[in-house]
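Keep the structure in view while reading.

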Amino acid sequence: MTIVQAIRNAGEIWYDDARFNTDKRPWFGKLPELATGDFSFAVLGDRCGMATAGVFEKALEVVADLKPDFVVSVGDLIEGYWRDAADAEAEWEYIDEKIKATEVPFFHVVGNHDYGNQVMLDVWRDRKGFEYYAFRAGDALFLVLNTEDPPTELSDEFIDIIKKATYNVQNDPEHMEAHMQAFYDDIVSRMSPEQLKEMGRIDLAFSDEQLAFAERVLEENKDVKWTFISMHKPGWKSEDKRYAKLMELLDGRPHTVFAGHLHAMEYSVVGNGERIQLGRTGGHAHGNGPESDNLFLWVNVRDGKPSYRVIHLDGVQEINHYKPQAHSHS
């Protein structure tokens, strides 16, 4: 395996060219040179499934106004699970156009909705080339991984249930909760308790090639002050042996793991590492608390160490939202 530095004059970006022979790239824009080592970036949560129209687009507008050095996703930007490539292409065309218009460098991460079957995999590679890569910004290393390598194929019956619920939610948002309840009831009625329990498992898939790539990148970047890992499913909630191996490789070096998938914001610290599960940025809520709000994460890296601010989108308003009121002396 060789690792190719893709953009020598705009930061350090590597990919595994032994596995991926392509000129397509899973990012927009160029990484700016950050000679001082201080920079800021945003992390966006799941846009799907069951996306609420306009939420992710609002997040992109806010991010464009704030002008971070770049943006990282945690995946699930399209509803996906298509059997026809043209449907997948249409979804990507829409959201990619919105992302590109921000003119902020944007780094894609594979989610299960983006990459849930062979059709989706083929469309991803045709548009974006490959699914895992790494880059440096200042004194930090970013390792972008694919937790769907290979993807887990759902049955046609289950995909039909998902598609029906997605259509109902997006075309009748006023009755979203009723449609979601019907979706859950439909699933429960078709599965045994054992099958339902199995559905709740967090299953990751890392290929041997991907783990070898991660190991080599980490070995060749021991000098960084901080390492950021971006993936879709929260590996720390799984029993995946390759994820455990990855954590062994990170032992002793300050790091942060970003993930999504569960649509709820969480933060924890394990040894030298932080675990940040992103909340949703458009996807359907899985709970009712503030952790389930639509939001994104702002990260400042100063002297190689990150600090975080959670930005709730419902609290971000346009100025014309605030109407003048009649003033009374009393």
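## Pairing of strand 4

Two strands count as paired if DSSP finds at least two bridges between them. The model described here is predicted. In it, strand 4 (residues 39-44) and strand 13 (residues 295-302) run antiparallel and are joined by six bridges. Within this pair, alanine 42 stands opposite tryptophan 298 of strand 13.

Strand 4 is also joined to strand 5 (residues 70-73), by four bridges, and these two strands run parallel. Here valine 43 stands opposite valine 72. Between strand 4 and strand 5 the chain passes through helix 1 (residues 55-66), and this β-α-β crossover is right-handed. Leucine 44 has serine 73 in strand 5 as its bridge partner.

Are the residues of strand 4 buried or exposed? Six of its six residues are buried. In a regular strand, side chains alternate between the two faces of the sheet. In strand 4, Phe39, Phe41 and Val43 lie on one side, and Ser40, Ala42 and Leu44 on the other. Both faces are covered, as the residues on each side are buried.

## Helix 8

Which residues of helix 8 (residues 241-250) are buried? They are Tyr243, Leu246, Met247 and Leu250. These residues are on the same side of helix 8 because they cover an arc of only 100° around the axis. An α-helix has 3.6 residues a turn, so residues three or four places apart point the same way. The face turned away from the buried side of helix 8 carries the exposed residues Lys241 and Glu248.

The buried residues of helix 8 are covered by elements including strand 8 (140-144), helix 7 (208-220), strand 9 (226-230), strand 10 (255-259) and strand 12 (273-277).

## The ends of helix 8

At the N-terminal end, aspartate 240 caps helix 8: one of its side-chain oxygens lies 3.0 Å from the backbone nitrogen of arginine 242. Just after helix 8, glycine 252 has a positive phi of about 90°.

Note on methods. Residues numbered from 1 in each chain as written. Predicted model: local features only at pLDDT ≥ 70, side-chain atom pairs only at ≥ 80, totals over all residues. Heavy atoms only, no water. Buried < 20%, exposed > 50% of the residue type's maximum accessible area, 1.4 Å probe, protein only. Arc of directions from axis to C-beta. Contact = heavy atoms within 4.5 Å. Polar contact = N/O pair within 3.5 Å; in protein donor to acceptor, adjacent residues only side chain to side chain. Right-handed = clockwise from strand over helix to strand, strands pointing away.
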